[in-house]
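Please read them with the structure open.

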Amino acid sequence: MTPPQQRTLAQEAGLEGVGLHSGQPARVRFRPAPAGLGVRFRRTDLDGSPEIPATLDHVTSTDRGTSLAAGEAKVQTVEHLLAAVAALEIDNLWIDLEGPEVPIGDGSFRFFLDVLSRAGTVAQGEPAT
């Protein structure tokens with residue numbers, strides 16, 4: 001039996017909307033990432049486009065949503081987006097975000113799942129961890 005391989009998107013995809021808590025416009029661009037990178041947010045609206053890994057070590061709050069931070073860079077309300085990434089078994093992904101918060105969409109993970117599903121996923125030839 002072949003072990004599962006790491007996966008990323010087959011092609012870029014994007015969406016936009018408004019943040020639930022901030023009320024600010026947000027634009028998200030999903031981009032394929034190399035094997036071994038993991039899932040990372042990039043705040044493209046901030047100088048230097050700082051990266052925020054989507055790991056437990058970067059969780060800064062779970063009050064009324066999950067927030068991640070690295071240094072001064074922060075992203076809010078990431079839980080539905082990351083649920084869709086997990087449902088599709090995506091291991092490596094760049095999530096370019098313009099704005100402090102992920103758009104809320106319809107309030108479920110389906111908003112993100114539909115966009116990511118249309119982009120498709122590809123195996124990367126490296127074992128999944």
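1. Terms first. Helices (H or I, at least four residues) and strands (E, at least two) are DSSP runs, numbered from the N terminus. Ser67 is found in one such run, strand β7 (residues 67–70). This is a predicted model: local features need pLDDT of at least 70, side-chain atom pairs count only at pLDDT 80 or more, and totals for chains, interfaces and linings use all residues. Residues are numbered from 1 along each chain as its sequence is written, and side-chain values use heavy atoms, with hydrogens and water left out.

2. Is Ser67 buried or exposed? Buried means under 20% relative accessible area, exposed over 50%, and partly exposed in between (1.4 Å probe, protein chains only). Ser67 has a relative accessible area of 7%, so it is buried. Contact means heavy atoms within 4.5 Å. Leaving aside neighbours within four places in sequence, Ser67 touches His58, Val59, Thr60, Ser61, Lys74, Val75 and Gln76.

3. Asp47 is a contrasting case. This residue lies in the loop between β4 and β5 (51–53). Its relative accessible area is 79%, so Asp47 is exposed. Asp47 and Val18 are 29 residues apart in sequence. In space they are 22 Å apart, C-alpha to C-alpha.

4. Now the sheet. Two strands pair if DSSP finds at least two bridges between them. Five strands form an open sheet with mixed pairing, in the order β2-β3-β9-β4-β5. β2 and β5 stand at the edges with a single partner strand each, so one side of each has no neighbour in the sheet. Neighbouring strands are turned by 20 degrees against each other on average, direction ignored. In a regular strand the side chains alternate between the two faces of the sheet.

5. Strand β2 (residues 13–18) pairs with β3 in the antiparallel sense, over six bridges. Gly17 stands opposite Ala26 of β3. Gly14 has Arg29 of β3 as its bridge partner. Six residues lie between the strands of this hairpin, and there Gly23 takes a positive phi near 70 degrees.

6. Which residues of helix α1 (residues 79–87) are buried? They are Leu81, Ala84 and Val85. These residues cover an arc of only 100 degrees around the axis, which puts them on the same side of α1. The arc is that of the directions from the helix axis to the C-beta atoms. Their cover includes β3 (25–32), β4 (39–43), β9 (93–98) and α2 (110–119). Just after α1, Glu89 takes a positive phi of about 55 degrees.

7. Helix on sheet. Axes are lines fitted to C-alpha atoms, for helices over the stretch in contact, and angles run from 0 to 180 degrees between N-to-C directions. α1 lies across β3, β4 and β9, at about 145 degrees to β4. α2 lies across β2 and β3, at about 160 degrees to β2.

8. Helix on helix. The axes of α1 and α2 come within 8 Å and cross at roughly 40 degrees. That makes α1 oblique to α2. Angles under 35 degrees count as roughly parallel, over 145 as roughly antiparallel, 65 to 115 as roughly perpendicular and the rest as oblique. On the α1 side, the contact is made by His80, Leu81, Ala84, Val85 and Ala87. On the α2 side, Phe112, Leu113 and Leu116 make it.
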